[in-house]
Protein chains: 2
Amino acid sequence: MSEELSGVLRAVRRRVEPTDAERERLEQAAHEVIGRAEAALEERGIDGDVMLVGSTARNTWIAGDRDVDVFVRFPTAVDREKLEAVGLDIGHAVLPDGHEEYAEHPYVVGEVDGYDVDLVPCYDVEDATAIQSAVDRTPFHTEYLQARLDDDLADDVRLTKAFLKGIGVYGSDLRTQGFSGYLTELLVLEHGGFRSLVEAAAEWHPPVRFDPETHGTATFDDDLVVIDPTDPERNVAAALSTANLARFQHYARELLAEPRESLFEPVDPDPLDPEAVRAAFDERGTTPVAVTFETPDLVEDDLYPQLEKSLDGIRGLLDRHGFDVLRAAAFAGEHAVLLFELEVAERPAVERHVGPPVHVREHADGFYEKYADSGVYGPFVSEERYVVEREREYHTATELLESDAIFDVALGTDVESTLETTHTVLVGAAVGTLAESFGRELAGYLDPKP
Amino acid sequence: MSEELSGVLRAVRRRVEPTDAERERLEQAAHEVIGRAEAALEERGIDGDVMLVGSTARNTWIAGDRDVDVFVRFPTAVDREKLEAVGLDIGHAVLPDGHEEYAEHPYVVGEVDGYDVDLVPCYDVEDATAIQSAVDRTPFHTEYLQARLDDDLADDVRLTKAFLKGIGVYGSDLRTQGFSGYLTELLVLEHGGFRSLVEAAAEWHPPVRFDPETHGTATFDDDLVVIDPTDPERNVAAALSTANLARFQHYARELLAEPRESLFEPVDPDPLDPEAVRAAFDERGTTPVAVTFETPDLVEDDLYPQLEKSLDGIRGLLDRHGFDVLRAAAFAGEHAVLLFELEVAERPAVERHVGPPVHVREHADGFYEKYADSGVYGPFVSEERYVVEREREYHTATELLESDAIFDVALGTDVESTLETTHTVLVGAAVGTLAESFGRELAGYLDPKP
């Protein structure tokens, strides 16, 4: 085992471990929230209980994290409508300045003593396979891990989270498609620590499967499968993308080969200005084109899948029309951008159109008659078929993107309705102006890392 | 049956039928040649015979044709070396101003009374399956047809030949890849005349097979199979290309749908001048590139297959490098030209290069190390693989065609050695200058007919 790696890990450990004072402050805040929630339950005569969940409950939070997740568990006899109403009511009582958010059902988010508090109602079900809503699972996860993560493992969970954040693959939201906190903790538990996890990951040959409780009943197509110890039919790693698993493997090797603290620290590239963006595309000799539009008003977990779907759809459209896409990316802020970097931005006035075999007379006659006096080149014979060179419908990628053809491909629903209202197509040097809003994203795009 | 078609055929028949005076002149010339050849045989004490073959022998020649083919048949006891030596000796005796040409063995070509005479030595074998050289077959073909073609059928053979010439598919040489005279006569015989032949051809569904003597033993991959009545193992239509069979079917339908004499008259398009060629490519919006070189000193049957092979090889090379070829053609005169019309003549400075899956560590590590500090974009991760965008070797089609990469593809042997010595690459407007030598060919290329 490398001394160098040990030194790096010691240094990172120091950085990510909360101080005693920090722990105490968080415990006080959590205590305050739990006390308020219990009082609110009692006031309303409900036979529920209150539970601290997540990394704060498991002592696996990273120094500087300011999240407190508290679940209020209702008896299953309470119907869903009442759970939602009372859940929000309690939420507002606990967090008077809070606001509502919506996952599978609504909950209240607010601030207590400088901590970001989520107050989530759920059902107190018998076990995780009997859940009525996804959030009902969380308390079981907390109980399972609390019973198994000692202080050393909790230390290593922090290290692992810092590493995953540093390399950009932490978070199971649909934008990141990375490792959830629960998945991270299960992997550390399974491998007995951070170092043995990265040593194993460096050699994984996906599909890789772990089943800590040896009770898995279903099969999964995913590259990484970690059967939920509290639910034999669930893959905890379902949200992890193929690329992010590969990235984790890549950086695991990097860390072992050349240990360094920087791998535990996310680096945002310096933003590029419009001129630098133009110069970069010039150097690559490609033609960038961008479809820009007002960002649909959606939560990120809805927005990013829609952007990805739209990006794929339009990329396919461009490719099919001969405008070869080298790479593509979607960015979103106030405006959204679908960026396509083209190898070919222009095609000739004519395109080859291959007709039926001459000997298949019923089709051949129709084809020949259709084109014989239509001003195309041909029909001529190539091998056994008629061929014409007819006028190409879209001579440039810009013409294609400005046409209604983009609505013939699969787009995200809200992206589609936004594009129908209005959108702008930027091409070539004009794409540089995107740097005003997306200078950092463009810097990352133009200097891609694993 | 259309009156109109009958009228057209009557007119063509009048045009292609030799006059009595013309027949007489040809018979005199043939008689003269045969007489000289018989005398030469006798002088040399050889027990051979002399035979008029080909269309002049079968009365199927077209008015204006000036070809007389005479075969001198040697006993099989004569060894090949002697046959060649004596054959040439007799050839020069018969045609004192003649010169030698070479097919499977050498023969003499010359002029008698204004007719082009081929004097070909061959063996007097028992039947066509016992031939020692391809030419030994010819006398059997002549005998077979002489016994079966009456004057009406001979008339229709002339009509058919005129039609095949008119539409550009007459001749089984490797440049034309069309219908040989023998194939034409067998098809007319098989169908009982020109009109029934074209009516049948309009409906053919290749592969089409005829076996006049019902003695065929072999199977063939060709689209049209006509088993040689004098040799059960030979397809008389083997040299016919797929495209030329399709053309014959196309024009057969044209003739039946809209009978007109022009279909029996080959039209050479008016040559284009350089300016018109440039304007035509401009209008198409393509980029023409041409590889030009001194034409290798070969007979056409060697030259054209080599040009086609080279054209295919370089076309594939261009396509594989992203210089999409819309159409290509080879021309030959004093110089030879391989012309490629490109949809894409230029690619970016970079190209996508997909590496191994990250999890296949032995390959992945090597790939990553090779590219990590090499100035490429990346390596980055796309799905499960490493990808880099590296410098493209050939940025333009011209660079590619001027490089040694053209020698990595299959070229005709003599074309390859010529290109190794010297060749020129013309691109864009410069291709217009080819019109000085190939104005007619370019006119045909730019206004393609079936």
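Guide: We can go through the annotated site, some salt bridges and the interface.

Visitor: What kind of model is this, and how are residues numbered?

Guide: This is a predicted model, where local features need pLDDT of at least 70 and side-chain atom pairs count only at pLDDT 80 or more, while totals for chains, interfaces and linings use all residues. Residues are numbered from 1 along each chain as its sequence is written, chains are lettered from A and ligands numbered from 1 in the order in which they are written, and side-chain values use heavy atoms, with hydrogens and water left out.

Visitor: Which residues does the UniProt "binding site" annotation cover?

Guide: The unreviewed UniProt entry lists A:Ser55, A:Arg58, A:His141, A:Lys161 and A:Tyr170. Its positions are given in the numbering used here, feature names are shortened, and such annotations may be inferred rather than shown by experiment.

Visitor: Where is A:Ser55, and what does it touch?

Guide: A:Ser55 is in helix H3 of chain A, residues 54-58. Helices (H or I, at least four residues) and strands (E, at least two) are DSSP runs, numbered from the N terminus. Not counting residues up to four places away in sequence, A:Ser55 touches A:Thr60, A:Trp61 and A:Lys161; contact means heavy atoms within 4.5 Å.

Visitor: And A:Arg58, buried or exposed?

Guide: A:Arg58 counts as buried because its relative accessibility is 9%. The cut-offs are under 20% relative accessible area for buried, over 50% for exposed, and partly exposed in between (1.4 Å probe, protein chains only). A:Arg58 also lies in helix H3 of chain A, and its contacts beyond four places in sequence include A:His141, A:Tyr182 and A:Glu185.

Visitor: What does B:Arg58 pair with?

Guide: B:Arg58 forms a salt bridge with B:Glu185, with the closest N and O atoms 2.6 Å apart. This pair links distant parts of the chain, helix H3 and helix H7 (residues 181-191) of chain B, 127 residues apart. B:Arg58 is buried at 10% relative accessibility, and B:Glu185 is buried at 0%.

Visitor: Which residue does A:Glu84 pair with?

Guide: A:Glu84 forms a salt bridge with A:Arg80, at 3.5 Å between the closest N and O atoms. The two are four residues apart in helix H4 (residues 80-94) of chain A, so about one helical turn separates them.

Visitor: Now the interface. How much area do chain A and chain B bury?

Guide: Between them they bury about 4200 Å², 53% of it on carbon and sulfur atoms. Buried area is the accessible area (1.4 Å probe) that two parts lose on being put together, summed over both. A:Arg253, A:His359 and A:Arg361 supply 15% of the area that chain A buries against chain B, more than any other three residues.

Visitor: How many residues are in contact, and how many salt bridges cross?

Guide: In chain A, 50 residues are in contact with 51 residues of chain B, and 14 salt bridges cross the interface. One pair of side chains in a salt bridge is B:Asp365 and A:Arg253, at 3.8 Å from N to O. On the side of chain A that touches chain B, the largest share, eight residues, comes from H9(A).

Key:
Salt bridge = Lys/Arg side-chain N within 4 Å of Asp/Glu carboxyl O.
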